Structures are given as structure tokens and as C-alpha cells.
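Welcome! Please take a look at the sequence and structure below, and then we can walk through some of the side chains together.

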Amino acid sequence: MKDFVYHKADNLPEAVALNAAYPDYPPLAGGTDLIVQWRSGIRKLDGVVDISCVDELKRIYDEKKEIEIGACATHSDIIGNAAVKKHLPLLVQACMSIGATQIQNRGTIGGNIMNASPAGDALPVLLIYDAEMLLQNVKGERWVPVRDFFKSYRETALESGELLAKIRFPKRDFFDYRGAYYKIGTRRAQAISKVSMCVMASVSHGAIKDIMISLGSMAPVPVRARGTEALLKGKVIDDNLIHTAERSLADEFNPIDDVRSTAQYRSYVCGALIVKFLRESRIKK
């Protein structure tokens with residue numbers, strides 16, 4: 001039987017070097033996805049590169065124009081950070097929806113991203129906030145916008161030898177926006193999402209000045225509902241517009257059909273969620 005190989009990085013340069021030297025061994029941070037996949041036989045694992053103790057990857061940086069979150073920052077780190085609460089409240093909501101407290105204490109945002117599952121709870125939020133990924137290897141680094149990062153089902157733009165180091169969120173003025181994060185699962189808590197939705201809108205005098213809608217578990221990758229966004233911008237929220245938005249969002253995608261839910265159910269739910277958001281926005285305008 002082949003011995004299991006374990007390497008542990010103590011700092012970022014060492015993590016990058018080990019990641020390049022052992023491309024067949026995935027980085028290990030919280031392990032809440034990786035270890036489960038290994039034990040269940042979904043993934044064959046001969047070794048890992050442990051990056052869980054690299055301080056540079058665990059920090060949250062509150063800069064003048066952006067917030068940078070290390071890939072090994074846990075969901076609890078994010079939930080408890082004052083700058084994230086102020087500037088990225090929907091990310092806090094998404095992290096609070098992930099598992100129980102024990103999972104939030106151990107699971108990392110980098111793991112949630114690199115798992116690249118359509119059901120990844122944080123992924124729709126990254127689209128709404130125009131996040132960028134810092135990818136590093138022994139030759140240098142590059143920033144990749146989230147819209148270009150997820151290529152297909154469980155496939156990302158990460159190249160061999162690269163390590164996800166940080167996620168950068170530009171600070172934007174959302175003071176007049178209303179936001180919501182929805183997650184629909186089999187039960188109210190500790191569930192993998194059947195559908196998730198992230199919405200932000202600016203409403204003035206009953207009309208939608210701007211709106212952004214992103215969805216998870218609807219397609220092989222997280223998606224923005226660009227067609228429905230364009231349909232809603234500049235329109236007064238009334239019953240006709242709400243029903244039009246419901247039909248538009250349900251028709252804009254051909255949802256995935258898997259063991260967690262049917263395509264038909266996903267279409268129905270995403271339509272129902274935009275109805276909920278618009279009705280509440282009309283009341284609170």
C-alpha cells in the first residue's frame with residue numbers, strides 16, 4: 001500500500017513552493033470538503049500540502065479602496081470581521097448559512113471557492129461584489145476576475161502550480177441599496193443548497209435604478225441574470241413587473257438537474273425568490 005504523503009507549509013513562499021513541487025497533492029486548509037470527499041471515496045488522495053497555518057493566508061485586510069480576504073480565512077473569521085460586516089454584508093450572510101458553527105470555525109472561503117461546486121454558498125456573492133482572485137506560483141502572481149474564474153463544473157482558471165492566495169473585493173458605495181441572500185435547501189439549516197440567490201437593488205420612488213442578481217445551483221457555475229437585470233432597470237415596481245420578472249428569471253436559464261433537485265423545481269424557486277425580493281422592496285421603498 002502506498003504511503004500517504006503529508007507536507008506542511010509554515011509561510012506563504014513555502015506554501016507556493018510546495019504547491020508547485022507536488023501538483024498532484026491538493027492544498028489542505030479546513031478540509032471540510034476535501035476530507036469528506038476522500039473518506040467517501042469520491043476523491044482519491046495520495047497526499048496533501050497543508051496550508052492551514054500560513055498566517056498570510058488567514059488575514060483579512062481592510063484597505064482604503066478594497067477588502068482583501070486570505071484564502072484560509074474561515075467563515076467565522078469573515079462573520080466576525082467589522083470591515084466585512086460593513087462593506088460586504090451579503091458575504092457575512094452567505095458564510096452564516098454554511099453548516100454548523102463547527103464547520104464555520106474550520107471551513108475556509110478559499111476551500112468554498114476551489115471546491116467549485118455549483119452549490120458553493122459564497123460563489124453568487126462573489127459575482128455581486130465583483131471579486132477578484134489572486135493566484136500565485138513560483139514565477140509570480142496574477143489577478144483573475146470572478147466572472148472569468150469558474151470555467152465549468154468543478155473547473156476553474158487555476159493553472160498547474162498556482163495557489164489561490166487572496167480574494168479582493170472593491171469597496172463600493174451601496175448605501176442606498178437593499179440586498180438579500182437566499183438559500184433554499186432540504187431543511188432550514190446545515191443543508192446543501194438546491195438554489196441560492198444574491199440580489200442587490202437601488203430603488204427610488206418605487207422605480208429600480210439598478211439591480212444585480214446572481215444565482216447558485218442553477219448552472220454548472222455561478223451565474224449573473226443579466227437579461228432579467230436589464231429588463232428590470234428603470235422600471236416601476238408593480239404587480240405586472242413582478243410577474244414579468246418571475247417569468248424572465250425562470251426562463252433565462254436551463255437549470256441543472258441532479259440528485260438534490262430537478263430543473264423544474266429550480267426554475268420555479270428562482271422565480272419565487274425574485275418575486276419575494278421585489279415585493280419586499282416595494283414595501284420598503
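## A pair within a helix

Let's begin with Lys276 and Glu280, which form a salt bridge with their closest N and O atoms 2.9 Å apart. This is a predicted model. Both residues belong to helix H12 (residues 263-283), and because they are four residues apart there, about one helical turn separates them.

How accessible are the two partners? Lys276 is partly exposed, with a relative accessible area of 38%, and Glu280 is also partly exposed, at 23%. Elsewhere, salt bridges with shared partners tie Arg142, Glu159 and Glu162 into one network.

In total, the model has 14 salt bridges. One of them joins the side chains of Glu68 and Lys166, at 3.1 Å from N to O. This pair connects distant parts of the chain: Glu68 lies in strand S5 (residues 66-70) and Lys166 in strand S10 (residues 163-170), 98 residues apart. Glu68 has 9% relative accessibility, so it counts as buried.

Another salt bridge brings together the side chains of Lys44 and Asp46, at 3.0 Å from N to O. Here Lys44 is exposed, with a relative accessible area of 68%, while Asp46 is partly exposed, at 26%.

## A nonpolar patch

Which residues form a nonpolar patch on the surface? They are Phe4, Tyr6 and Trp38, and together they have about 300 Å² of accessible area. Phe4 sits in the segment before strand S1 (5-8). With 38% relative accessibility, Phe4 counts as partly exposed.

How values were computed. Residues are numbered from 1 along each chain as its sequence is written. This is a predicted model: local features need pLDDT of at least 70, side-chain atom pairs count only at pLDDT 80 or more; totals for chains, interfaces and linings use all residues. Side-chain values use heavy atoms; hydrogens and water are left out. Patches are made of residues with over 30% relative accessible area and no salt bridge: like charges are joined within 9 Å, nonpolar side chains (Val, Leu, Ile, Met, Phe, Trp, Tyr) within 5 Å. Accessible areas come from the Shrake-Rupley method with a 1.4 Å probe; for residues, only the protein chains shown count as cover. A salt bridge is a side-chain nitrogen of Lys or Arg within 4 Å of a carboxyl oxygen of Asp or Glu. Helices (H or I, at least four residues) and strands (E, at least two) are DSSP runs, numbered from the N terminus. Buried means under 20% relative accessible area, exposed over 50%, partly exposed in between (1.4 Å probe, protein chains only).
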